[in-house]
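Here is my note on the model you sent. Keep the structure open while you read, and find each residue as it comes up.

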Amino acid sequence: MTGAGAAMAAPDDLDSSVPSSSYFTQAPTMAIPEGSNWYTSAELGAITTSGNTEGTSVTGKIDARHEMANWSNEYIVSGYFKEDVTHNDDGSTTRTRSAERYQVSAKAAFKLLEDGNRAFLLGSHVNDKFGAYTRYSSVGVGYGTQLLKRDNETVDVEVGPGYFHGENAAGGVESGMTVRGAAQLRWRVSPSAAFSQSVSVERGTSNMHSIAETALSTKINGTMQMKAAFSARSDTNVPDNKKNTDTQTSLTLVYSFSKHTRPGYPGRSFVLPPWFISPGYARSAGSCPAPSPYLPRP
């Protein structure tokens with residue numbers, strides 16, 4: 001990105017000369033410049049029907065990652081809603097909202113000295129009007145590491161304790177300590193396509209909350225990708241009139257960009273060389289960059 005605000009390739013792009021994400025990092029060939037780096041992606045998908053059946057469904061997500069010398073931070077906002085339209089015999093129109101979910105989360109990870117390891121703190125909140133839990137908040141701390149690192153695939157895991165507070169669809173309130181585990185597989189299928197599989201499980205005294213997502217992304221150009229994904233959210237303790245698992249299949253368009261700001265030049269940015277377009281860099285040149293600490297969270 002230049003000072004005029006032009007977009008540049010982001011870490012999730014799949015160009016053959018650029019790491020597709022922090023899970024496919026490359027060691028820099030020169031000292032990394034001081035400063036902070038932002039990597040942002042926005043995705044949007046929508047379906048609109050008309051005729052005998054009318055309705056609209058929209059899903060979207062904004063993911064902003066901030067990389068510094070010792071810290072990696074991530075902020076996510078996402079939402080999904082579905083609305084159906086019914087035409088009554090008297091000529092009136094009834095709009096019915098059948099799905100409405102919003103989620104915000106934040107995560108801070110400290111890069112440990114050993115490559116690939118990090119300590120993290122995270123928090124998230126979900127509002128799901130039609131879910132088994134209408135409100136679900138959690139905080140946690142833990143340790144993450146990279147179990148597998150190959151040229152085209154990586155596996156990262158996290159584990160740690162936490163605390164949750166939730167309100168189910170029947171009006172009941174639950175809270176307590178939890179143990180959380182998460183894992184993510186990233187596989188570069190080809191220079192223009194990448195596959196990912198993520199899962200997180202949060203075990204409490206009264207409920208086990210889990211999230212899984214399978215996704216395949218293909219590159220359109222330097223800043224845009226098409227993403228097909230299947231996700232599932234599950235709770236073991238739900239009201240009698242609710243199902244344990246909610247699923248969603250989506251096709252979204254993803255726009256990504258990144259920015260590097262030098263110290264002493266507030267508000268100014270410049271284009272980074274291809275090897276640097278990755279948030280999982282090491283603290284000094286010549287060592288293998290650490291992976292991104294970002295794994296799925298409840």
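**Notes on the predicted model**

1. Start with charge pairs. The structure holds 10 salt bridges. Keep in mind that this is a predicted model. Side chains of opposite charge can pair when their charged atoms come close.

2. Look at Lys 111 and Glu 67. Their side chains form a salt bridge, with N to O at 2.9 Å. Lys 111 sits in strand E4 (residues 93–111) and Glu 67 in strand E2, so the link joins distant parts of the chain, 44 residues apart. Both Lys 111 and Glu 67 are buried.

3. Next, take Glu 83 and Arg 95. This salt bridge has an N to O distance of 3.4 Å. Glu 83 belongs to strand E3 (residues 71–87) and Arg 95 to strand E4, so the pair ties together parts that are 12 residues apart in sequence. Are the two partners buried or exposed? Glu 83 is buried, because its relative accessible area is 19% and buried means under 20%. Arg 95 counts as exposed, because its relative accessibility is 57% and exposed means over 50%.

4. Now find Arg 180 and Glu 158. The closest N and O atoms of this salt bridge are 3.2 Å apart. Arg 180 is in strand E8 (residues 173–190), Glu 158 is in strand E7, and the pair links distant parts of the chain, 22 residues apart. Both Arg 180 and Glu 158 are buried.

5. Step back to the fold. How many helices and strands does the protein have? There are 0 helices and 12 strands. Read along the sequence, the pattern is β-β-β-β-β-β-β-β-β-β-β-β. Of the 298 residues in the protein, 44% are buried.

6. Turn to empty space. Rolling a probe the size of a water molecule over the atoms shows where empty space is left. The count comes to 5 cavities of 30 Å³ or more. The largest cavity holds about 120 Å³ of space. Its lining includes Arg 101, Asp 128, Tyr 133, His 209, Arg 233 and Asp 246. Strand E5 (118–128), E6 and strand E11 (224–235) each supply at least two lining residues. By class, the lining of the largest cavity has 4 nonpolar, 3 polar and 5 charged residues.

7. Now the second largest pocket. About 150 Å³ of space lies in it. Strand E1 (36–49), strand E2 (54–67) and strand E12 (245–261) are the elements that give two or more residues to its lining. Which of them gives the most? E12 does, with 4 residues. Among the lining residues are Ile 47, Val 58, Tyr 80 and Gln 248. The lining of this pocket divides into 5 nonpolar, 6 polar and no charged residues.

8. Tyr 143 is in strand E6 (residues 133–149). Tyr 143 counts as partly exposed, because its relative accessibility is 39%.

9. Last, a loop. Asn 152 lies between E6 and strand E7 (153–168). Asn 152 is partly exposed, with a relative accessible area of 40%.

Technical notes:
Residues are numbered from 1 along each chain as its sequence is written. This is a predicted model: local features need pLDDT of at least 70, side-chain atom pairs count only at pLDDT 80 or more; totals for chains, interfaces and linings use all residues. Side-chain values use heavy atoms; hydrogens and water are left out. Buried means under 20% relative accessible area, exposed over 50%, partly exposed in between (1.4 Å probe, protein chains only). On a 1 Å grid over the protein atoms alone, a cavity is a set of points where a 1.4 Å probe fits but cannot get out, and a pocket is an open set with protein on both sides within 12 Å along at least five of seven lines; lining residues have an atom within 4 Å of a point. Grid points are joined across faces, edges and corners, and a volume is the space filled by probe spheres set on the points. Ala, Val, Leu, Ile, Met, Phe, Trp, Tyr, Cys and Pro count as nonpolar, Asp, Glu, Lys and Arg as charged, and the others, Gly among them, as polar. A salt bridge is a side-chain nitrogen of Lys or Arg within 4 Å of a carboxyl oxygen of Asp or Glu.
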